[in-house]
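Here are my notes on the model you sent. Please keep the structure open while you go through the points.

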Amino acid sequence: MKKSPIIALDFESAEKTFEFLTVFEGDVNVKVGMQLYYKEGPAIIARLKERGFDIFLDLKLHDIPNTVKSAMEVLASLGVNLVNVHAAGGKTMMEAALEGLDKGTPTGIKRPSIIGVTQLTSTDERQVKEEQLIQASLQQSVLHYAKLTKDAGLDGVVCSVQEAAIISEVCGPEFLKVTPGIRLPENDVQDQKRIATPEEARKEGSTHIVVGRAITGASNPRAAYEQINALWKGTDRNG
Ligand SMILES: O=C(O)c1cc(=O)[nH]c(=O)n1[C@@H]1O[C@H](COP(=O)(O)O)[C@@H](O)[C@H]1O
């Protein structure tokens, strides 16, 4: 996956998606999530591939190992660059996911990278304690899931920018730290809890940033993308 920000295509249809993408070339990365994939199915992936985008297929699988393994075998055949599972599904489930991906990847093609979601960026300390009944701190929980994900042989995690540095220290700088919850100072936080700016993501060691509404909801999405890309890459004069 290219280093550029990953744009979350959280749209209701292929029509809306391609309308949005008219101002973007294949040099950007895109993320297809549940809404778009459930609506349009594998055809949306084929169309995005034709346009040259690198694709993160974000379906956050979380089920018994056998089911996840078979599902990953199917997803591997789509030719996407990155997929994910919930680390809370456990080490055996994550190992099964990797096995399914290896099995389903056509010969001669690079297997998609696979990452584990630690604690969603919409989760805060209170939810971890009261709703998940986890006694450890949110950061300890994220780090625990990151280590489990690495032990299972996966390529990295989804985490917030707040945990990227400690995960780098423990799991290594090469271990992917894909960080959503990205906001510019003027953006609304919306349903996210652990947010950060693109510059913070760069400084804390995120390997990739996922950006949805700060771009898709902007009055000029292309300009918002360029601004975020420059801040992320450190090429902005004020970054
Ligand atoms: O796996 C993800 O991509 C993901 C994990 C997470 O912890 N938090 C999170 O926001 N996401 C996704 O990242 C995107 C963030 O969207 P915005 O909040 O609009 O930037 C959404 O498509 C989420 O589904």
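**Notes on the predicted model**

1. Val80 counts as buried because it has 23 C-beta neighbours inside 10 Å, and the cut-off for buried is 20 or more. The model is a predicted one, so this count is computed from predicted positions.

2. Where is Val80 found? Val80 sits in the loop between α4 and β4. Leaving aside neighbours within four places in sequence, Val80 is in contact with Ile45, Ile55, Leu57 and Pro112. Val28 is 52 residues from Val80 along the chain, and the two C-alpha atoms are separated by 14 Å.

3. Helix α4 covers residues 65-76, twelve residues in all. From its first C-alpha to its last it reaches 16 Å, close to the 16 Å expected at 1.5 Å a residue. Its buried residues are Val68, Lys69, Ala71, Met72, Leu75 and Ala76. An α-helix has 3.6 residues a turn, so residues three or four places apart point the same way. The cover over the buried residues of α4 includes β3, β4 (82-86) and α5.

4. The largest nonpolar core has 64 residues. Ile7, Val30, Ile55, Ala97 and Val211 touch the most other members. Helix α5 (residues 91-104) gives the largest share of this core, six residues. For Val30, contacts beyond four places in sequence are Ile6, Ile7, Leu9, Leu48, Phe53 and Ile55.

5. Which residues come nearest to the ligand? They are Ala8, Leu120, Pro180, Gly212 and Arg213, out of 19 residues around the ligand. By class, this shell has nine nonpolar, six polar and four charged residues. At least two shell residues come from each of β3 (54-61), β8 (208-211) and α10 (213-216).

6. Lys60 counts as partly exposed because it has 15 C-beta neighbours inside 10 Å.

7. An unreviewed UniProt entry places the feature "domain: Orotidine 5'-phosphate decarboxylase" at residues 4-228. Over residues 4-228 the chain is 44% helix and 16% strand. The end C-alpha atoms of this stretch are 10 Å apart.

Conventions:
Residues are numbered from 1 along each chain as its sequence is written. This is a predicted model: local features need pLDDT of at least 70, side-chain atom pairs count only at pLDDT 80 or more; totals for chains, interfaces and linings use all residues. A residue is near a molecule or strand if its C-beta atom, placed from the backbone, lies within 6 Å of it. Helices (H or I, at least four residues) and strands (E, at least two) are DSSP runs, numbered from the N terminus. Ala, Val, Leu, Ile, Met, Phe, Trp, Tyr, Cys and Pro count as nonpolar, Asp, Glu, Lys and Arg as charged, and the others, Gly among them, as polar. A nonpolar core is a set of buried Ala, Val, Leu, Ile, Met, Phe, Trp, Tyr and Cys residues joined through C-beta atoms within 7 Å. A residue is buried if 20 or more other C-beta atoms lie within 10 Å of its own, exposed if 12 or fewer, and partly exposed in between; C-beta atoms are placed from the backbone. Two residues are in contact if their C-beta atoms, placed from the backbone, lie within 7 Å. UniProt positions are given in the numbering used here, feature names are shortened, and annotations may be inferred rather than shown by experiment. The expected span of a helix is 1.5 Å times one less than its number of residues.
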